[in-house]
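Here is my note on the model you sent. Please read it with the structure open.

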Amino acid sequence: MNEIPDANGPDVNRTKAVADKLSRRQARRRRMVAIIPSLLTLGNAVCGFAAITFAAKVGPEMATPNDLYYAALLIFAAMVFDALDGPVARLARQTSAFGAQLDSLSDAISFGVAPAFLMLKFSPVLFHPRLLWVIAVLYMLCAVMRLARFNVTHDDEPAHEYFRGLPSPAAAGMVASLVIIAPGLERFTAPEMKESSQRLGEFLIAATSTALPVVTLIVACLMVSRIRYPHVFNQFFRGRHTYQHFVKLIFALLIVFAIHELAIPIVLFYFVIGSPLRAFWTRFVLPRWSGTSASAGGSVL
């Protein structure tokens with residue numbers, strides 16, 4: 001009499017064991033991949049705290065211009081981490097509410113507190129310390145409110161090609177850029193430079209440090225505004241590419257290659273002020289100009 005093979009024989013058990021092992025391995029791999037976006041977000045927070053540390057220079061020594069320069073660079077490093085964590089999370093399909101909240105908390109440090117503190121340390125004695133403190137506090141509060149509003153409204157636009165209000169990383173970059181260009185401006189004041197170049201360098205250094213509190217106050221107000229700003233990363237890498245996008249990219253690259261670090265505030269200034277100017281033109285200037293042209297055209301024809 002022939003024996004019927006056992007359905008749970010050694011081959012079947014061995015196959016199940018291999019499948020369970022592969023399943024556990026894949027689960028561990030998914031957990032490791034899920035950690036990467038959170039690590040990038042935490043890197044954002046670390047850079048923000050490091051920027052505050054360099055600017056504060058806690059200890060017997062006071063912060064030097066080099067310390068402030070490194071603090072500004074760390075804010076831009078935080079911007080890189082902030083730009084990467086979202087795409088990496090979406091690529092790994094590991095987006096979550098936890099990651100969104102962690103990102104906002106890190107942004108509050110790197111793009112809210114750190115730039116405000118940097119402005120306090122870099123600004124000249126021309127401004128009253130209390131006035132500078134008020135501007136720093138207003139900037140920090142506007143950044144926190146901007147992040148809170150983003151958390152509750154970013155689902156309104158599925159394509160997510162625009163922001164309502166100036167994004168906090170761009171505001172922080174605008175503040176930090178005026179500190180980063182200080183060493184480049186000091187090269188104009190070197191003894192081997194012409195006297196006219198030295199005077200120009202001294203003027204630009206004084207103008208930059210004096211303008212920083214005003215710029216900080218302006219970008220603070222723009223963060224809590226309702227002006228629509230483009231999401232540069234999504235429009236270039238996820239959205240439809242238009243001719244204007246390529247022209248702007250080429251123009252920005254030419255400026256960077258021409259004047260190096262001095263191009264950073266120029267490019268950021270264009271981004272910061274471009275949307276408000278377009279909104280003002282569309283809402284106030286264009287309707288009046290169109291109405292005047294229509295009436296004038298009617299009278300002529």
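**Notes on the predicted model**

1. The largest nonpolar core holds 49 residues, and Leu-118, Tyr-139, Leu-166 and Val-219 touch the most other members. Eight helices each give this core at least two residues: H1 (10-56), H2 (65-91), H3 (97-122), H4 (129-153), H5 (168-180), H6 (182-186), H7 (195-223) and H10 (263-300). H5 supplies the largest share, nine residues.

2. Which residues does Val-219 touch, leaving out those up to four places away in sequence? They are Tyr-139, Leu-166, Ala-171, Met-174, Val-175 and Val-272. Tyr-139 and Leu-166 are, like Val-219, among the core members that touch the most others.

3. Now the overall layout. The chain has 10 helices and two strands. From the N terminus, the order is α-α-α-α-β-α-α-α-β-α-α-α. Of the contacts with a separation of 6 or more, 78% join residues 24 or more positions apart.

4. On burial and surface: 34% of the 301 residues count as buried. The accessible surface is about 19100 Å², and carbon and sulfur atoms account for 68% of that area.

5. The mean pLDDT of the chain is 79, and 72% of the residues score at least 70. H5 has the highest mean, 95, while helix H8 (residues 232-237) has the lowest, 60. Residues 293-301 fall below 50 in pLDDT, and this stretch has zero contacts in the model beyond near neighbours in sequence.

Methods:
Residues are numbered from 1 along each chain as its sequence is written. This is a predicted model: local features need pLDDT of at least 70, side-chain atom pairs count only at pLDDT 80 or more; totals for chains, interfaces and linings use all residues. Side-chain values use heavy atoms; hydrogens and water are left out. Helices (H or I, at least four residues) and strands (E, at least two) are DSSP runs, numbered from the N terminus. Buried means under 20% relative accessible area, exposed over 50%, partly exposed in between (1.4 Å probe, protein chains only). Contact means heavy atoms within 4.5 Å. Accessible areas come from the Shrake-Rupley method with a 1.4 Å probe; for residues, only the protein chains shown count as cover. A nonpolar core is a set of buried Ala, Val, Leu, Ile, Met, Phe, Trp, Tyr and Cys residues joined through side-chain atoms within 4.5 Å. pLDDT is the predictor's confidence in each residue, from 0 to 100.
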